[in-house]
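This report covers the sheets of the model and the helices packed on or beside them. The sequence and structure come first.

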Amino acid sequence: MEAREAVAKAIEGHGPIEQVYWIGCGGSMIDLMPADYMLQAESAKVESHVYTAREFTVAPPRKLGSHSMVVALSHSGGTPEVVEACKLAQERGAYIFTMTSTAGSIVDAPEWDTFVYDWQDDTPQRELDAAQSILVVAELLKAQEGYDAYDALQAGIDELDRIIPAAKKKVNEELCNRFAELCQKHDFLYILGSGACFAQTYGFAICSLMEMQWQNCCYIHSAEYFHGPFECTEPGVFYFLQMSSGPSRVEDERALAFLNTHTDTLMVLDALEYGMDAVDERVRAYLEPIMMYYMNVELRAARGRVFDHDPSVRRYMGIEKY
């Protein structure tokens, strides 16, 4: 079941949807964060909240009920915390829509509706989880409030299939080698970003670098940078700035202006220079995290080659009990 069918079924069976809860863990939660950002920005009627799955079950929202929609993602399909969250939502009477790449997994259960995607290099973006979560928002807005940028969003998702291959080539030509070299020289780096793209600032830090490369780092929101963290800025400290193509870009530009004059170790990945200028400005902020994810993959791979550290290697995850 895809987003359009899921939203139609949710409204038909539960009446108007009043809350959407986005549930996942790690990289799966990260893929849902832009949809949460979009729904909060665009809807005047529907509340939106993103939760790491364990937090959802430990401290569930009181409003969770029959007019709620829960969108839960587990890429592997085997995340027990996600299943526990879905069962809680089911007990509260919510409509549940799950996404996974593994058919027949515990997340792909008959108790709720599931979108199973094929995670391959040539899979169109609209057939993958991140775009489907954005489409949930678009379909819900269209059904309950109207959404003037609906067609622009659809076109933007398809445009990503052209943008991403070119952006991957460009990031390898321009940034990957320098990033790997700077990681050799610096045991620690700060990563900045804003808006919907902050999902990938967070993801680059906790998944691509901390999990997959054992690289110490810290993620900082570009606006929050000036409310404490910028005191650590000085020559020799490594900063990596992901610049948004949307309204929050002004926050990144302010950070960039300060960084340019207060550190000598700065890298910038600008979404506008990596193809997002081809997408309608009304929707590109919601879609750029998808493009940024693929840039992060290339960057972590470059670091992995220099350190002889394959991104698939773990020392705790799935190995020790925790």
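Two strands pair if DSSP finds at least two bridges between them. Helices (H or I, at least four residues) and strands (E, at least two) are DSSP runs, numbered from the N terminus. The model is predicted, so to speak of its local features pLDDT of at least 70 is needed, and side-chain atom pairs count only at pLDDT 80 or more, while totals for chains, interfaces and linings use all residues. Residues are numbered from 1 along each chain as its sequence is written, and side-chain values use heavy atoms, with hydrogens and water left out.

**The five-stranded sheet**

Five strands in the order E2-E1-E3-E4-E5 form an open sheet with parallel pairing. Strand E2 (47-52) and strand E5 (113-116) are at its edges; each has a single partner strand, so one side of each lacks a neighbour in the sheet. On average, neighbouring strands here are turned by 15 degrees against each other, direction ignored. Such angles are taken between axes, which are lines fitted to C-alpha atoms, for helices over the stretch in contact; they run from 0 to 180 degrees between N-to-C directions. Within this sheet, strand E1 (residues 19-24) runs parallel to strand E3 (residues 68-73), and five bridges join them. Tyrosine 21 has valine 70 of E3 opposite.

**The four-stranded sheet**

A further open sheet has four strands in the order E7-E6-E8-E9, again with parallel pairing. Its edge strands, E7 and strand E9 (266-270), each pair on one side only. Neighbouring strands of this sheet are turned by 20 degrees against each other on average, direction ignored.

Strand E6 (residues 188-193) pairs with strand E7 (residues 216-221) in the parallel sense over six bridges. Along this pair, tyrosine 190 has cysteine 218 in E7 as its bridge partner, and glycine 193 stands opposite histidine 221 in E7. Together with helix H8 (residues 198-213), E6 and E7 make a right-handed β-α-β unit. Right-handed here means that, with the strands pointing away from the viewer, the path from the first strand over the helix to the second runs clockwise.

Helix H9 (residues 249-262) lies across E6, E7, strand E8 (238-243) and E9, at about 155 degrees to E8. Helix H10 (residues 284-307) lies across E8 and E9, at about 150 degrees to E8.

**Helix pairs**

| Helix pair | Angle | Axis separation |
|---|---|---|
| H2 (residues 27-42) and H5 (residues 129-144) | about 20 degrees | 8 Å |
| H6 (residues 150-174) and H10 | about 20 degrees | 9 Å |

The angle makes H2 roughly parallel to H5, a term for angles under 35 degrees. Their crossing is right-handed, that is, the near helix is turned clockwise from the far one by less than a right angle. Contact means heavy atoms within 4.5 Å. Residues of H2 including Asp31, Leu32 and Met38 meet residues of H5 including Asp129, Ile134 and Leu141. The residues of this contact divide into 10 nonpolar, one polar and three charged. Ala, Val, Leu, Ile, Met, Phe, Trp, Tyr, Cys and Pro count as nonpolar, Asp, Glu, Lys and Arg as charged, and the others, Gly among them, as polar.

H6 is likewise roughly parallel to H10, and passes H10 in a right-handed crossing. Among the contact residues are Leu153, Ile157 and Lys168 of H6 and Leu287, Tyr294 and Arg305 of H10. The residues of the contact of H6 with H10 comprise 13 nonpolar, two polar and three charged.

Methods:
Parallel < 35°, antiparallel > 145°, perpendicular 65-115°, else oblique.
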